[in-house]
Amino acid sequence: MRAVILSMPNSPQAQDERAQHFRRRMHSIEQIRQRATARGENPPPLEQILDQLVAPFYLRAIFGIDPPATGYPEVLVDRLLGTRGTAY
């Protein structure tokens, strides 16, 4: 992971673009969490969503790993919400 990050362009513009992208993603996730809370649900914390749902997809994108089999996103969501077993 460190090698990938260090190989990325490090210009101020590239850093700003990455930061903007990250802020947009965090804002989108936070909006989803707020809607769930408004419905009376208890959504997981943002950090848990990042670690258990977002990170696996970013990891695959960064390292060029093929997309997972159909159903994998659902498995990750179910694990995150504790609604199903952890087998994939």
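Reader: What covers the buried residues of α4?
Author: The cover includes α3. This is a predicted model: local features need pLDDT of at least 70, side-chain atom pairs count only at pLDDT 80 or more, and totals for chains, interfaces and linings use all residues. Residues are numbered from 1 along each chain as its sequence is written, and side-chain values use heavy atoms, with hydrogens and water left out.

Reader: Which residues in α4 are buried?
Author: Tyr-72, Val-75, Leu-76, Asp-78 and Leu-80. Buried means under 20% relative accessible area, exposed over 50%, partly exposed in between (1.4 Å probe, protein chains only).

Reader: How do α3 and α4 pack, and at what angle?
Author: At about 160 degrees, with axes 9 Å apart. Axes are lines fitted to C-alpha atoms, for helices over the stretch in contact, and angles run from 0 to 180 degrees between N-to-C directions. That makes α3 roughly antiparallel to α4. The cut-offs: under 35 degrees is roughly parallel, over 145 roughly antiparallel, 65 to 115 roughly perpendicular, and the rest oblique.

Reader: Which residues meet there?
Author: From α3, Gln-48, Ile-49, Gln-52, Leu-53, Pro-56, Phe-57 and Arg-60. From α4, Tyr-72, Pro-73, Leu-76, Val-77, Arg-79 and Leu-80. Contact means heavy atoms within 4.5 Å. By class, the contact of α3 with α4 has 9 nonpolar, 2 polar and 2 charged residues. Ala, Val, Leu, Ile, Met, Phe, Trp, Tyr, Cys and Pro count as nonpolar, Asp, Glu, Lys and Arg as charged, and the others, Gly among them, as polar.

Reader: What else does Arg-60 touch, leaving out residues up to four places away in sequence?
Author: Its list is Ile-65, Asp-66, Pro-67, Pro-68 and Tyr-72. At 22% relative accessibility, Arg-60 is partly exposed.

Reader: Switching to rings. How many aromatic pairs does the structure hold?
Author: The structure holds 1. The ring centres of Phe-57 and Tyr-72 are 6.0 Å apart and the planes sit at 65 degrees, so the pair is edge-to-face. Rings of Phe, Tyr and Trp (its six-membered ring) pair if their centres lie within 6.5 Å; planes under 30 degrees apart are stacked, over 60 edge-to-face, and the rest tilted.

Reader: Now α2 and α3. What's the angle?
Author: Helix α2 (residues 12-38) and helix α3 (residues 46-63) pack at about 125 degrees, axes 12 Å apart. That makes α2 oblique to α3. On the α2 side, the contact is made by His-21, Arg-25, Met-26, Ile-29, Glu-30 and Arg-33. On the α3 side, Leu-46, Ile-49, Leu-50, Val-54 and Tyr-58 make the contact.

Reader: How does that contact split by class?
Author: The contact of α2 with α3 has 7 nonpolar, 1 polar and 3 charged residues.

Reader: Last one. How many helices and strands in the protein?
Author: There are 4 helices and 0 strands. Helices (H or I, at least four residues) and strands (E, at least two) are DSSP runs, numbered from the N terminus. Buried residues make up 18% of the 88 residues.
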